[in-house]
Amino acid sequence: MSEEKIIVIDFGGQYNQLVARRVRECNVYCEILSYKTPLSKIMAESPKGLILTGGPSSCYEEGAATCEKALFECGIPVLGLCYGAQLMQLVLGGKVERAAMREYGHTEISVDTTSPLFSDVPGETSCFMSHFDHITALASGFKTIGHTKNCPFAAVSDDERKLYGLQFHPEVLHTPYGKTMIKNFVRDICDTRGTWEMGAFSERTIKELRDRIGDKKVLLALSGGVDSSVLAALLSKAIGRQLTCVFVDHGLLRKNEGDEVEAVFGPKGSFDLNFVRVNAKDRFLKDLSGVTDPEQKRKIIGKDFIDVFEEEAKKIGAVDFLAQGTIYPDVVESGLGGESAVIKSHHNVGGLPEHVDFKELVEPLRNLFKDEVREVGRKLSIPEKLVSRQPFPGPGLGVRIMGEVTEEKVRIVQEADFIFREEIRKAVERSGERPAWMPDQYFAALTNVRSVGVMGDERTYDHAIALRAVITSDFMTAESSEIPYEILHTVMSRIINEVRGVNRVFYDLTSKPPGTIELE
Ligand code: XMP
């Protein structure tokens, strides 16, 4: 790839993927490499600039993550962030020591606006700090370009060598001008043109796929999720009917979802490909019958999924390529980017199918972040509804029904979930903008509770639905969303009136931890 590129060198900090995303927001391609990557390999990528990230340790400690001095002598601009800034000083002869007090959170900062790093940044602004150590003496050639009350060397530079250090985190939104600082570095200091954008990516990738695949065959397990849908669209544009998509409908999808996937990718849709839908609901329900343990349910769904997919694959015969919707966070999730590549589990439930006859994997989305994948989807005219879909677990409603999964319970949860999503959509449309309570994921689940109620003059003994809606940025931690009471009330009343078999509706207030997002 002759694309101009910035390399983020990963020292294990928690915001490293965010740094890479910020660079890409400047329309410059960016990759994350572990600090253990040999310098020769980094240079072989011909980067226009390097960014050293934050990290959890102290750079002066024995065995701490480090880098070679030669890295600063390659003539390429380097920006160090937090740990990266301290390490740059230490390696070049400055001093880093434990600070008397940990600096954490919003901090007022004064910056030198004549520095190219701070062009378009006000002289007095704020930044997000998170460090125990601080720089106490500068390496020769460096000067201070920013200070805070407790931190005399909050921002430093050696303009001659184009080396810059920030002892705070410009990549997080809590640093209001952080994006501008990163842009100044990436575009001006590193002298890039900014040509990375998703339209160009799609065109190039389609051509590359065509060249690589030639007249051979590709098999893809299509789930209807964002990644596999975008992958199907890219491959369809590249090789048309040499692509076969197998869509295993396990009957645990949301209401109408199976048909929606078929409408887009099936014979009446607008993509040229072979589409095979396997309606395997009965098989899944049969195998789940009588099973109440959540882990066991997941295992059964995962195994059935792979078995069904493999059976279909056998009918198709040998293929040359198996396509996978692996995306960049799957690759770097380990915390040390590029260190340990993990292959995304097939459909996120099982693993790679063992008995499918293929020679190579195709993973064209491997370098993209989720929002970039969505953008590619839009460029390829996948309907917005599919492209902006909220996450949905591979085992589907199997992880949203407590206790045994039955056809009747699937119906109940599908209906209730449909109503909940519809009311949220209407409320968002009414408010005209994204409301503060807008959940990142929301759904109905069926609890394992049946209780006495009264409807009309009759005593009922029916199910209880739980509504779950969370606000989260990483899905690792989450808070329940403060959906306005009237909306919850409308949803409750519609579910009770419209969904047979439900006489109570609860709202789950639990955050994660201690809860999980799913309710199984
Ligand atoms: P939990 O319930 O663990 O969920 O807090 C975190 C996020 O992961 C999704 N999730 C899954 N996604 N396969 C998936 O593809 C799964 O088996 C699975 N289980 C949970 C969940 O929807 C949430 O977004």
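A word on confidence comes first. The protein chain has an average pLDDT of 93, and 96% of the residues reach a score of at least 70. Where pLDDT is low, the predicted coordinates should not be read in detail.

Strands of a sheet pair through backbone hydrogen bonds, either parallel or antiparallel. At one end of the order given above, strand β5 (residues 95-111) runs antiparallel to β6 and is joined to it by twelve bridges; within this part of the sheet, Lys95 stands opposite Ala137 in β6. Strand β5 also pairs in the antiparallel sense with strand β7 (residues 143-147), here over two bridges, and Val111 has Gly146 of β7 as its bridge partner. Strand β7 in turn pairs with β8, again in the antiparallel sense, over three bridges, with Val156 in β8 as the bridge partner of Thr144.

The five-stranded sheet comes next. It is likewise described as open, but its pairing is parallel, and the order of its strands is β12-β11-β10-β13-β14. The edge strands, each pairing on one side only, are β12 (274-279) and β14 (360-362), and the twist from one strand to the next averages 25 degrees. Within this sheet, strand β10 (residues 218-221) and strand β11 (residues 243-249) run parallel and are joined by four bridges; Leu219 has Thr244 in β11 as its bridge partner. Helix α5 (residues 198-213) packs on this sheet, touching β10, β13 (321-323) and β14, with its direction at about 165 degrees to that of β14. Helix α7 (residues 257-265) lies across β11 and β12, and runs at about 165 degrees to β12.

Helices also pack on one another. Helix α6 (residues 226-239) and helix α11 (residues 370-379) have axes that come within 9 Å and cross at roughly 40 degrees, and the two are therefore oblique to each other. Their crossing is left-handed. On the side of α6 the contact is made by Val226, Asp227, Val230 and Leu234, and on the side of α11 by Lys370, Val373, Arg374, Val376 and Gly377; sorted by class, these are five nonpolar, one polar and three charged residues.

A second pair is formed by helix α8 (residues 281-288) and helix α9 (residues 294-316), which pack at an angle of about 145 degrees with their axes 10 Å apart. The crossing of α8 and α9 is right-handed. Here Arg283, Phe284, Asp287 and Leu288 in α8 meet a set of residues in α9, among them Lys297, Ile300, Phe305 and Glu311. By class, the contact of α8 with α9 has six nonpolar, no polar and six charged residues.

Some details of the backbone remain. In the loop between β8 and β9 lies Lys162, which has a positive phi of about 55 degrees although it is not a glycine. Further along, in the segment after β18 (502-507), is the place of Pro513. The peptide bond from Lys512 to Pro513 is cis, with omega near -15 degrees, and a cis peptide bond also joins Pro513 and Pro514, with omega about 10 degrees.

Terms used:
Residues numbered from 1 in each chain as written. Predicted model: local features only at pLDDT ≥ 70, side-chain atom pairs only at ≥ 80, totals over all residues. Heavy atoms only, no water. Pairing = 2+ DSSP bridges. Axes fitted to C-alpha atoms, helices over the stretch in contact; angles between N-to-C directions. Left-handed = near helix turned anticlockwise from the far one by under 90°. Contact = heavy atoms within 4.5 Å. Nonpolar A, V, L, I, M, F, W, Y, C, P; charged D, E, K, R; others polar. Parallel < 35°, antiparallel > 145°, perpendicular 65-115°, else oblique. pLDDT = per-residue confidence, 0-100.
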